[in-house]
Amino acid sequence: MYTTMTTHTIAPREEWDAARVALLGREKEHTRLGDELALQRQKLPWVALEKQYTLQTTDGSRTLAELFDGRSQLLVYQFMFGPSYEDGCPVNSSIADSFDGLIPHLQARDVTLIAVSGAPVAKLSAYRERMGWRFNWASSYASDFNVDLGFSRSRGQTRQAIGPILDQLPAVAFRNAEAAGTDIYGYMTELFGFTTFTLEGGIVHQTYSTTGRGVEFLMPYYGFLDRAPKGRAENEAWQLWIRRHDEYGTV
């Protein structure tokens, strides 16, 4: 005989089986709803882009159409790395860690995946090298692309927008700003997001865009943690645990 201390309900196998079957029913409902939402995304109307945007890459200037790289679909992650940053946002960096492994599979389905940020391309290239990434990372520094899509704004616009609500921002925003080598206003000149485009008849169309928790599908560690016994365990410390992959155990 032995005694264990636990903060969770302990049940016999038969009771666990019954509870698991009940949860499985809910999980299947969630999967089917996800399938329905995917179809609804695909049925959204398209918006033809009126401007011809040119972004900077390590291979030189490229129009948005050229960034499709010969495919008909382009997925863009708007990565928070603004002109005043010294390093990329840690949370955005944790998202980008998965890109290189995905790219061959996406390319097999006529899809190109890139990142776009507001910082000059030299900063992006140096940081990409540090992190060991290979994906294409374009700069919108000299372009209206991120501004027009709502993912970049001036420092003055940022101060006006967030100045009255500084006390409402999550703690992780201030932590990320410091980790990126800028202040909260410089940090918030950039927003994160995921935007998709198609190229048809030589015309680029925007087909979808999301931000906020809409990008959690790009954070695979959350899917694992949601199935771990203790879950995300973030509470008020939302995302404060996330580091760049070369910084865990160092701070």
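Predicted model: local features only at pLDDT ≥ 70, side-chain atom pairs only at ≥ 80, totals over all residues.
View 1. The chain has nine helices and eight strands, taken as DSSP runs of H or I with at least four residues and of E with at least two, numbered from the N terminus. Local features need pLDDT of at least 70 and side-chain atom pairs count only at pLDDT 80 or more, whereas totals for chains, interfaces and linings use all residues. Residues are numbered from 1 along each chain as its sequence is written, and side-chain values use heavy atoms, with hydrogens and water left out.

**View 2. The largest nonpolar core**. Among its 39 residues, Phe79, Trp137, Ile184 and Tyr187 touch the most other members; such a core is a set of buried Ala, Val, Leu, Ile, Met, Phe, Trp, Tyr and Cys residues joined through side-chain atoms within 4.5 Å. Elements giving two or more residues to this core include β4 (73-78), β5 (111-117), α4 (121-131) and α7 (171-180), and α7 supplies the largest share, four residues.

**View 3. The surroundings of Phe79**. Leaving aside residues up to four places away in sequence, Phe79 touches residues including Cys89, Ala96, Val116, Tyr127, Trp133 and Trp137, where contact means heavy atoms within 4.5 Å.

**View 4. The second core**. This separate core of 16 residues includes Leu64, Phe68, Phe145 and Val204.

Terms used
Buried < 20%, exposed > 50% of the residue type's maximum accessible area, 1.4 Å probe, protein only.
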